[in-house]
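Keep the viewer open and follow along.

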Amino acid sequence: MSSANNHKRNTLEDEFQRRLFDAEARPAPDLWARIDHDLTVQENKDYKKRALFYRQLAAACFVLFALTGALLAYYYSGSLNQPGTRPGPGIAAAPAAKPAAAPVTVEEAMQAYATQQEEAAAMAYTYTEETATTKQAATTKRAANATGISQGERPAVAEAAIPVDGPQAGDYYNVSPGYSPYLGYTPMQGRSRGYMSGGFPGNATGTTQGNLFAPQGSRYTQIITWESVSITFGNSAPATGQQFPVGDQSLAARPKSFAEMSEAQQASRQQAQQSAEAAQRNLAAQQPKSVEVATKANSRWSLNLAYVPSVFEQNIGLPDPLSMPSQNSGNRFSLAAAGPSVNASRESFQNISAAHDEFEESTQPAYSYAVEAKAGFKLKNKLKLLTGIGFSESKSRSRSNFIVRQFWTKPRSNERYELSPTTYFTSALNDGFSSDSVSVARTGDSFDTEYKYRHLTVPVGLQYEHDINKDWFVYAAAGVAANFLLESSVTASNQEVQSVNYTADDYDSPFRNVQFSGNGSVGVGKRISPNLTLALGPEVRHYFNTLVADPDKAAAPQGKPYAIGMNMSLNYQLGNSRK
Amino acid sequence: MKLFTKPKSDEDKLIEGCIAGKRDMQRLLYDLYSRKMMAVCMRYAPTSFEAEDMMQEGFVKVFANIQNFKRDCPLEFWVRRIMINTALKQLRQKSLMTVSHETEEVGNIASEGVNLTGYSMDELLGMIQSLAPRYRMVFNLYAIEGYNHKEIGEMLGISEGTSKSQYSRARAILQGMLERQEKTYQENVISQ
C-alpha cells in the first residue's frame with residue numbers, strides 16, 4: 001500500500017472500529033454526583049433568571065398601568081380645567097356683562113358685584129378726573145384705567161392683590177343714601193351704612209375715607225356701580241360735621257347731566273370691551289405654547305380598540321383507526337388489559353374509519369372574533385407599544401353521522417351499563433375510550449357539532465407605522481398574548497348526543513387553562529381626524545400550545561390552533577400628536 | 001389505557017422524564033450510556049481525568065438540550081454526538097488543536113493483515129491517547145466514528161486535504177506503534 005492511500009479506510013480502521021466503537025469504560029463513581037450538582041446549579045440559575053424576568057415583567061406591567069391611569073386622570077382633569085373655564089388674570093381685568101336680573105341676597109349681590117368691579121372702577125375714575133379736565137380727557141383716562149393691563153398704572157388685579165390694613169370685607173361703612181342694584185337701598189338717610197365687599201381706602205384721611213369717589217388707591221370706590229352713584233348724587237347733599245363727609249373733590253366731580261354720564265359710560269364700556277378683546281387675544285396667543293407643552297407630554301399615549309373577526313382552526317384530529325385493536329383478546333378484568341372490546345367489531349371498525357374521514361372532511365372553521373382594548377405608548381416616532389385586555393371567542397364546527405357509545409361493567413354484579421353517547425371528537429379528547437367496550441354507531445340523520453372556546457386575553461405587542469401621505473399610512477404589528485380560558489364547549493345538535501361544557505375552574509376540563517399565542521398583522525390606516533385613526537389589515541394568530549392541556553393523554557393527535565382574521569382598529573391619540 | 005395510541009417506548013418515557021427535569025430519569029439515562037460515553041471520551045481525551053471532565057460537561061449539555069432532540073435518530077447517537085462536540089470544544093479551549101511536529105519518522109507501512117485481537121482495550125486506548133491532539137481527533141472521527149474527511153474538515157475548521165494528510169500521518173504513527181509492539185512481543189517469545 002502506498003503512502004498516498006494512507007488516508008483511506010482499510011483493515012486497520014475496521015479493526016479499530018470493531019474494537020473501540022462500542023467499547024465501554026467505567027466512569028468514576030462520583031461522576032454522577034458531580035453531574036447532579038451541576039444540574040442543580042443550572043436549575044437554580046434558570047429559576048432565578050425566570051423569577052427575575054417575571055418580577056421585571058410584573059414591575060413593568062405595574063408601571064405601565066400606573067402610568068396609563070395617571071395619564072388618563074391627568075388628561076381628563078386637564079380637559080375640565082381648560083383656561084377658558086377659569087378666569088385668568090386678563091379675563092379678570094375685563095368687565096363682565098351686566099347681569100340680567102338683580103341678585104336676591106346681599107352676599108349674592110357682592111359676589112356679582114366683584115365680577116363687575118372693573119366697570120365700577122372706570123366710572124369712579126371718570127368722576128374723579130372730571131374735576132380738572134374735560135369730559136373727553138376723562139373718558140380716555142377711564143378707558144385706560146379700565147383696561148388695567150397695558151396701561152399698568154393701576155391694574156385692577158394688582159390692586160386686588162394688595163393687602164389692606166383697614167376694614168375688611170363684611171365691615172359696614174358710611175355711604176350716602178341711594179340705591180345700588182347690588183347693595184340695595186342704604187338704610188340710613190344722609191349717613192347711611194353700606195356693606196363693603198372689597199378693601200378699604202388705603203389712606204385714612206378724613207377727606208377721602210368713606211368717599212364714594214376717592215381717588216387713587218381706593219378699592220372702596222371701585223365697588224360702586226354707575227347706577228348707584230348716579231342716584232346717590234341726585235338725593236344726597238354733604239353735611240357739615242358728618243363723620244365721613246363727602247369732600248369737595250367728590251362734589252366737584254359731579255356730572256353736569258345724565259346724558260353726559262350716559263355717554264361717558266357707553267364710551268367707557270366700549271373701551272373696556274375692546275381692551276378685554278385685546279387681552280383675550282394676548283392670552284390666546286400665549287395659550288397654544290403652554291397647551292403644546294402640556295400635550296406634547298401626552299402625545300406618546302393612545303387608546304386602541306380592535307375588533308378581529310376571524311376563522312379559527314382548532315387543529316385537533318381524530319385517532320387513527322388503524323391503531324385500534326381488532327378485538328380485546330385479553331382478560332377484561334385484568335389491569336393490564338390491552339383495550340376495550342369493540343362491539344360488532346367489523347361494523348364498528350368501518351364506522352370508525354368513516355367517522356375519521358368524515359371528521360377530516362367536514363370540520364371547518366366557524367365565525368370567531370376577538371375584541372381588544374389597548375393602551376398604546378409611542379416608543380419611537382413610528383414604533384408603538386400596545387397592551388391591554390381583550391376577549392376572544394373561537395369556534396369551529398363539523399357535521400357527523402356517528403356517535404360513540406361506551407359501556408362499563410359493574411365489578412360486583414357484572415352488569416353492563418352505558419355511558420351517555422358522545423361525539424367521536426369528545427371521546428378522543430382526553431383519555432377516552434377507557435371503558436370496557438366501545439361502539440361507534442351510525443345515526444339516522446347527520447348532526448352538527450360546534451366547538452367553542454372563550455378566552456380572556458392580555459395582549460402585548462409592537463406596532464410600526466409608516467406614512468404614505470398626509471391621510472394614509474401602513475402598519476405592521478406583532479405581539480404575544482396570554483389567553484385565559486373562560487369557557488369551552490362541544491355542543492351537538494343531536495339530542496341523543498351529550499354536549500359538554502367546561503368552565504374555567506372545571507377540574508374535568510381537558511383544555512388548557514392558560515394559553516400563549518403570537519399574532520402578526522399588516523394593513524393600512526386612515527386618519528379620520530388629527531387624533532383618530534382607523535386601521536384595517538389581515539391578522540394571523542397562532543397559539544404556542546395545543547388546546548388540550550395534556551396532548552400526550554389524548555387519543556387524538558393534537559396540533560396547535562390558529563386563527564386568520566381581519567383586524568379593524570380605532571386608535572385615539574391622546575393629546576395633539578400630529579401638527 | 002389508550003386504545004388508539006401506540007404504546008410509548010421506554011426511550012420515549014425516558015426522554016420525557018428528562019425533559020420534565022425528573023432527576024431519577026436523568027440518572028437512568030446516565031446509567032444507560034455512561035460506560036459507552038466514558039469510552040468515547042477516553043478516546044478523545046489525553047487522560048482519564050480529562051475524559052471525566054469531558055463527560056461531565058457532555059451530560060449536563062445532554063440534559064439541558066434534550067428537549068431539542070428530534071428523535072430522528074437513536075438517542076445514543078445524539079448523546080455520542082454531544083460528547084464528541086464537547087471534546088472538540090474542550091480541545092479548542094485548551095489550544096491543543098495545533099499539530100505538534102512529530103519527530104518520529106513515519107514510513108510507508110502496509111496495513112494488510114492487521115489483527116488487534118491480541119491487544120487489550122486499554123492498550124489500544126493508550127495508543128490513541130498518545131497521538132497528538134489533532135491526529136487523535138482526526139483518527140477518532142474517521143476510523144472509529146465513520147465520518148468522511150469532508151465532514152471532519154467542517155467540524156474541525158480545516159480543509160479536506162489537511163484532514164486527509166493528518167489522518168495519514170496519525171495512521172502511520174499507529175502502524176509504527178503496532179509494529180514495535182509486535183517486534184517486542186516476538187523478541188520476548190524468542191528469548192523465552
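Start in chain B, where the axes of helix α7 (residues 149-156) and helix α8 (residues 160-191) come within 8 Å and cross at roughly 105°. Angles from 65 to 115 degrees count as roughly perpendicular, so that is the label for α7(B) and α8(B). Bear in mind as you look that this is a predicted model.

Who does the touching here? On the α7(B) side you'll find His149(B), Lys150(B), Ile152(B) and Gly153(B), and they meet Glu160(B), Thr162(B), Ser163(B) and Lys164(B) in α8(B). Sorted by class, this contact has 1 nonpolar, 4 polar and 3 charged residues.

Zoom in on His149(B), which sits in helix α7 of chain B.

How many helices and strands does chain B have? The count is 8 helices and 0 strands, so reading from the N terminus you get α-α-α-α-α-α-α-α. Of its 192 residues, 33% are buried. If you take the contacts in chain B with a separation of 6 or more, 64% of them are between residues 24 or more positions apart.

Next, the greasy part. The largest nonpolar core has 50 residues, and the ones that touch the most other members are Cys41(B), Met83(B), Val138(B) and Phe139(B). The top contributor is α2(B), with 10 residues.

While you're at helix α2 of chain B, look for Val40(B), which is part of that helix. Val40(B) counts as buried because it has 29 C-beta neighbours inside 10 Å. Leaving out residues up to four places away in sequence, Val40(B) touches Arg80(B) and Met83(B). Along the chain, Val40(B) and Met83(B) are 43 residues apart, yet 7.6 Å separates their C-alpha atoms.

For a contrast, move to the loop between α3 and α4 of chain B, where Arg71(B) is found. Arg71(B) isn't a glycine, but it has a positive phi of about 65°. Arg71(B) has 10 C-beta neighbours inside 10 Å and therefore counts as exposed, the cut-off for that being 12 or fewer.

Finally, turn to chain A, with its 12 helices and 16 strands. Buried residues account for 33% of its 579 residues. Among contacts in chain A with a separation of 6 or more, 70% link residues 24 or more positions apart.

One stretch of chain A carries a label from a record: an unreviewed UniProt entry lists residues 57-76 as "transmembrane region". What does the model make of residues 57-76 of chain A? The span is 100% helix and 0% strand, and its end C-alpha atoms lie 28 Å apart.

Note on methods: Residues are numbered from 1 along each chain as its sequence is written. Chains are lettered from A and ligands numbered from 1 in the order in which they are written. This is a predicted model: local features need pLDDT of at least 70, side-chain atom pairs count only at pLDDT 80 or more; totals for chains, interfaces and linings use all residues. UniProt positions are given in the numbering used here, feature names are shortened, and annotations may be inferred rather than shown by experiment. Helices (H or I, at least four residues) and strands (E, at least two) are DSSP runs, numbered from the N terminus. Axes are lines fitted to C-alpha atoms, for helices over the stretch in contact, and angles run from 0 to 180 degrees between N-to-C directions. Angles under 35 degrees count as roughly parallel, over 145 as roughly antiparallel, 65 to 115 as roughly perpendicular and the rest as oblique. Two residues are in contact if their C-beta atoms, placed from the backbone, lie within 7 Å. Ala, Val, Leu, Ile, Met, Phe, Trp, Tyr, Cys and Pro count as nonpolar, Asp, Glu, Lys and Arg as charged, and the others, Gly among them, as polar. A nonpolar core is a set of buried Ala, Val, Leu, Ile, Met, Phe, Trp, Tyr and Cys residues joined through C-beta atoms within 7 Å. A residue is buried if 20 or more other C-beta atoms lie within 10 Å of its own, exposed if 12 or fewer, and partly exposed in between; C-beta atoms are placed from the backbone.
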